[in-house]
Each structure stands twice: as structure tokens, then as C-alpha cells.
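Okay, thanks for coming, everyone.

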Amino acid sequence: MGLDQIRDLISRAAYIDGHRRQVAKTCEGKVLATLFYEPSTRTRLSFETAMLRLGGQVIGFAGAQVSSASKGETISDTLKVVSNYADLVAIRHPKEGAALVAARAASVPVINAGDGGHMHPTQTLADLATIQARFGKLTGLTVGLCGDLTFGRTVHSLVETLSRFGGVRFVLISPDELRCPKYVLDRIDASPSCEYEQTSDLLSVIGDLDVLYMTRVQKERFFNEDDYLRLCDTYILDKDKLAHAKPSMAVLHPLPRVNEIAQEVDQDPRAAYFQQVKEGMLVRMALEAALLGDELPGYQAWKEVEA
Amino acid sequence: MGLDQIRDLISRAAYIDGHRRQVAKTCEGKVLATLFYEPSTRTRLSFETAMLRLGGQVIGFAGAQVSSASKGETISDTLKVVSNYADLVAIRHPKEGAALVAARAASVPVINAGDGGHMHPTQTLADLATIQARFGKLTGLTVGLCGDLTFGRTVHSLVETLSRFGGVRFVLISPDELRCPKYVLDRIDASPSCEYEQTSDLLSVIGDLDVLYMTRVQKERFFNEDDYLRLCDTYILDKDKLAHAKPSMAVLHPLPRVNEIAQEVDQDPRAAYFQQVKEGMLVRMALEAALLGDELPGYQAWKEVEA
Amino acid sequence: MGLDQIRDLISRAAYIDGHRRQVAKTCEGKVLATLFYEPSTRTRLSFETAMLRLGGQVIGFAGAQVSSASKGETISDTLKVVSNYADLVAIRHPKEGAALVAARAASVPVINAGDGGHMHPTQTLADLATIQARFGKLTGLTVGLCGDLTFGRTVHSLVETLSRFGGVRFVLISPDELRCPKYVLDRIDASPSCEYEQTSDLLSVIGDLDVLYMTRVQKERFFNEDDYLRLCDTYILDKDKLAHAKPSMAVLHPLPRVNEIAQEVDQDPRAAYFQQVKEGMLVRMALEAALLGDELPGYQAWKEVEA
């Protein structure tokens, strides 16, 4: 996705947020199919709500309802079938590349709602929209990423996209065992206006950050319980640590969280992770409308005034 | 819920029943989330149909689709997330108190669709609406409750609420092993205009009853098979027993039934348990519209004429 | 279902296909319940999309969500309950006769979406609509049926219905082990204008066919793996075999396919099996509207011009 496209979707998301009633019939008569080969309730509900709030309708299956696959049907065939039902598809699949296979087979647009390692581009759009909403910009920021930087695909995708926008200083905060992979660091290096530092000490850098992106340390990523228990609590954000942060800092998290952000932080105005959920729905609304070719009523006029 | 609120919802349910078309767009643009952590198809479909028949939309999950929870997300976090998607939530959870936790975390209204022991307030509303529809009143009646009065939360909730309305004579019909708990009897005693008697013989009292509320003797409540088999068939309502009842008596049952009401009873005009299903949907429509702040078109005018 | 009714539904399906926007609110305010006691994603999505594209709404359950049944509720009771929620029901059940039981209990129309051995009448309607769309007629054709003709209920139902229309020459192509049952052959014999031949050699007859209806050889039909492996690949349709067929031949398949039709065939204009999916949705739209008593706007005028 080009940077202009991303900027456009984020702009449309902001418009939608302030004009819910105006856009409520944008996709009337259209049908979204959510094909979730693995359960991901939050993401599924976000895509579905987005479509319903645009006046469209939703069909689909999730997890245990996956039946045809068990009769040996390929993803390609399923998509060719569903192309006859829906105007747009959002697919979630445990295998990497599944979304690409789906998009090639389908005769309607296909959105990747995550395939393999829980990567999904619309999460990155949600992250970017949240940063934009909080700071009015995506560049000139110091962005800390904290926790599991090895397996956290959400983090990799965000770093890569912010690097393309440029002008970002990354602070990569993780235990030595869960550092950012080299190919992600190479992406930062490839952007002349970006730089990074690595540290294992959240407290020593938290005061520098505009954005603190926390991630879950997933139990299933570890080979043994001891390693998990030793590390999972290391980077917990609480009120005490937050006291050292800037008053304008934004705390993001892809959710679900386990305990990496203490509940007490929720009340702090810097907590942006539930706003992130809202932004996720809004960018999905923008994306769905765009892929269906449905213009948001009033958007062009608003954009001209805003610009 | 106050008695006035209950009366108001029952009155609105009656209005809705006669004005389906008028109310068909009352909640247009609104989204209900049904979060069913345990399956309860009937209740879920009732809430969902109610919302759809008001012109709203539905998202949600049920049973096997519950995924985020398995990643360790708390109910509070799920509700904070879903508050960004939906305008109203109906939650069903196996743990007592889950609905209260949910309501505190959510920034949208939350309806308890059952938490712990299958208690759920909207079932009681359905029961009351059915009695009101059949008799035009909730007081001055002799109400028999038959079957499992120990574990049947539906019964406890109905007895408690009718006691608050007052003027009811309860006849508690159960085997000795499944009598009504003391705290429920205390509720009746606390109402000066209510009284009760206990018996184990349905036939000896059936002729006195205006309402006969049958309950299922749930197998899972018993420690051994023998006790279950001995008791489950004891209080079966059939045509023969019904021959001793008043022509105006109403037979209620929260459903699903197993065999405690013989199929042959279904044809009898006194069978009110499928009407009860309809009343359940209608009171849920009334409740959903009320919580969303959407006035039922034409209701106020109708109410003035009725009163 | 009478032949006139079938012709009418197929005619309406054709109208719907060309007038999607006109029919988009035909069933506004109506609710379809899809009660799928066994998973069948494709069929469920077809029924649901059909209803949504007519402006109606959908409730239901599928597979793992079936809960009340596990509490011992009969199909009859479930249907009596759901009759209070929905205006129309589509039921799928593993037991033969379940749909009939459901229809008798319900107070709203019930569509059999498959009961026992995956028979379901709307699949046959989809098959017929596809043949009609390709050839402009249902008679005067040579129709080959290939694969598992013993257990394939779809095939039996299609043969039976085409025999009633008459004027069809059937070519029954299967291994000796999977021949068409005698009662199906009797149906053909009972139609004076129909005839059939049986063969085990697809290639020798493919040049004669107007329609080639391929079927899946289901693994679960065989008692041992060896028989399955020996037979399942015997009747695979590929480009080479297709080279011997008429340019106008239509290849149908009820889907899902495993490998009985090579992927390379999909690009051939004779491949009609994904069109069949579309026709399936269209006839379901026609059927749902008809059962709900909702006339398709503009249909009568269009029909007079067409006739």
C-alpha cells in the first residue's frame, strides 16, 4: 500500500469519526464476507461493525464453523464460491500467504485480516491512525516499542511503515532474547531520516518517548515455562513507570493484553489503546468503502476545507 | 429494576406487538453486541431478533467462537473494546457477577442475559409479560410453581418480582428434595399481601391455580442417576392432569422442556409457553429501545388512549 | 414441488440476476432463521446472502453453536420457538425426515437445506437453473452424470426431476461399485420420453454430452482406504478429456470438489460449476421471496415481455 493511500485512508477515518450519520448508508446493498479460518473475535467484530455502520451487510464463518475446508476444499475454490455471494472479503488464516492465494482466486476485493504470525495490515493502519489522531502527524516522533520485538509482527509492520514515512526515531525496548530481527533493523537503516537505539531498560528511556507501543509476550512463543515466567513481567507498564513519561505520550497496544499494562493505567489520558480499537474500526470503514468504490458522502468537500 | 420500569417495559412490549411495522426502524443505525461466553441459542436469538426487528444490527460471538478470552483477556477489557463497536451489549456468562463486571467496564449499556445458574432478568420480564397478556394484571392471582424449585433460578426470580408487586398466592409444588430455598420463602413473607403453601402433590392443587409455572428437572443438578430417574417424571403435566385445572389457567415454562409437559398439552389453549417466547422477544425489544434512548414511534399517544 | 413451480422459480431467478437493485428491498422487515444442526458453510452462506440481498435479515446457528438440542430439546420445540422470531426457516439436519418434522411444527414456512445424506432440494433447483441458463431449456438434452452415482443424492434428485420434465437422455458414468440405484433407474424408465445408458468409461461418451455433472467420490463412503484410492482418481476431468467434448457442453459439480475436476478446467468456458453457485443463490432468493409472499418488483411486467 502506497503512503498516499495510507494517508488517504487515515484522513477518511477521521472524517468518518465526525460524520457517522452521513456515512451510515454508504455501502447499502453491499455484502462483506468474513472468512475466519482461525478465531480472532476482536478483528472479526471490527470488520463486521465497520461494514454494518456503513449500511452494508455481513456473512461469514469463524473458527469452529469452518466446514467445507474439512471436506478438502481449497482456499481458491472457497473464494471463487464466496465471490458469488459477497462484494468484499476479509480473510483470516493461520498460514502465511493464504490471503494472497485468496486474492488471486477471488473476483471481488480481498482484505488480509491476518495470515501467519498474526500479521495484518489493518492493525498497522489502526496504529497509524491513532498516532495521527494524537499528534496530528506521523513524523518527527520518538517511537518506543516494548516487549516481544522478535515475534511481534504488529511491531515489525509498524516499524516498516513508519520508516517509509520517515523522520522517526525508534527506541527498541526488549529483553536480549526478544530483540528486533535484523531485517526489520535494516528497514530503519534504509530510511535516511530514521534512526534507532536498542535497550533492555524501559525506565531509562520512557521520558524520551512520544509513543510507547507495548506488546504482549505470548506464552506460546516460548519453549519452556521458566523463560516465559522470567520475562513476561519484565516490561510491565504501571503508574510508577508512567510518572517518568511525557504528559503527551501515547501508550498503544495491539490487544489483547495480559498483564503488560496494569489496569491502573487505563484511567491515564496517555492510555491510547482503547482509542486504537476505535481507530481500527474507522480505518476499516474507510478501507471497506474504498474497496467497494463507494464514496463517503461529504468527504471531498470536508477535505478541501481541512486542507 | 423498579416496578414502574417493569410495568413500563411490559406496556411497551404490548404496544410493539400490535405495531410491528411502526417500530421497525426505531433503532436504525444502532448495533447490538451479543457476547455469549456460553451457548444459549434461544436467548441469543431472542435478543438478536429483537434488535433486527427494531431496524438495528447485530454483532457478536457464541460459545465456541470465544477466542480472545482464551488469550487471557479479561471481561473488562473485552467490554472496553466492544464499547467501541456496539451501542448496546447483551452478555451471557457462566460466572455469577460477570454481567456486573461487564457493566462497570463498558461505556455503553449492558444487559445481563444470564450469569451463573442461568439467572437472567429478561426471562422474568418475559414471564411477567405473559401473565399480563393472559390476565391483564400481575396481582390477585394464584401462581403455582412446579418442579425443581431448589435450583431453578427462573422460579426464584419470578417469585421475588411477583412478591414485590404483591397480592399473589404462591403454591410451591415440588418433591421434598427440591423445595424452594428459605431465602425465597422469606421474600414472600416480607410482602404483606402475599402468601404461600408448599406441597408435593400437583394434582391436589392444580384446580386452584391461575398460573402453573412448570420447570425442567435438570439432570446435571443430581448427584446420581437413580435420584434423577425417580424424580424427573414425577411432575409431568399431561391432558389428564390438565382436566382438573381451570379453563383460564395459563401454563408457563422457561424452556427448553424435556418431558415435564407432554406434547399433547401444546394444543390446549392454556399452554402459554410458546407465547412466552414471543413475549420474551417483545420485552427485549422494549428494553433494547429504552436503553438505546430510542422512543417507540406512536407509543405515547397509544398509551394515553389505553390509560 | 410441481414442475410449474420449478419453472416459475427458475424464471424468477433469471429476473433477479438482471434486476438486483430493483429487488434489493423485496423482503425488508423480514427475518430468515438458518438452523444448521450440521455445518455446511456454502449452503448456509447461500441462504443468508439470498435473504440479505432481498433486504431481509438473518438469525441462526451453525454446528458448534447448537446448544438447546444438547439440553434435550426436540426439533419440534425448537421450531415452535423460532417461529416466534423468524418469518422463514432454512433447516439443515443430519437425520432424514428432520425437515418434515420441522415443517409440521413450525408456524412459518420451512425450507429443507439438506437432511440425511446431504439431499437438499435447493441444490437441484440450482442445477436446473444452471442448465436453463446455459441452454435455454431443460429438455432435449443428453445429460451425463459421472462419479459416485450410488451415494450421490444430488445426482438422484437431479435425475428424478429432469425425468419429470422429460425428453432427457441420461448417460450414467461410474465404476461398477458405484452405480446408480435401481429406484433411480426406475424413475427414468417411468418417463416415456427419457432413456439412459450405463458405462464405466467417461472418455468414450464425453463427446455425446450436453451436460456433464461431475460428483465427488466421498472418502467416508468407502469401507477401506484401498478401494477409495483405486477409484477416486478414475473419473477426473481434465483438459485432455475435455478436448473430446462438445464446445457447448456444460460441466456442473455440486461442490466442494476435491480433485475430480482439475483446476485447469476452471478457465474453460464449459466450466459451469461456479456459475452454479451463483444460480443457487438466485433460486434461493426466488424461493425465499415466494415463501414470504413478497412479489419481486417489476417481475410480472418483465415476464410478459419475455413470454
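This is a predicted model: local features need pLDDT of at least 70, side-chain atom pairs count only at pLDDT 80 or more; totals for chains, interfaces and linings use all residues.

Residues are numbered from 1 along each chain as written, chains are lettered from A and ligands numbered from 1 in written order, and side-chain values use heavy atoms, without hydrogens or water.

So, the sheet. Chain B has an open one with four strands in the order 2-1-3-4, paired in parallel; pairing takes at least two DSSP bridges, and strands are DSSP E runs of at least two residues, helices H or I runs of at least four, numbered from the N terminus. At the edges sit strand 2 (57-62) and strand 4 (110-115) of chain B, each pairing on one side only. Strand 1 (residues 31-36) of chain B runs parallel to strand 2 of chain B over six bridges, and B:Thr34 has B:Gly60 as its bridge partner.

Now the interface. Here 25 residues of chain B contact 29 of chain A, with contact meaning heavy atoms within 4.5 Å. There are five salt bridges between chain B and chain A, each a Lys or Arg side-chain nitrogen within 4 Å of an Asp or Glu carboxyl oxygen. A:Arg53 makes one with B:Asp87, closest N and O atoms 2.8 Å apart. On the chain B side, strand 2 of chain B gives the most, with five residues.
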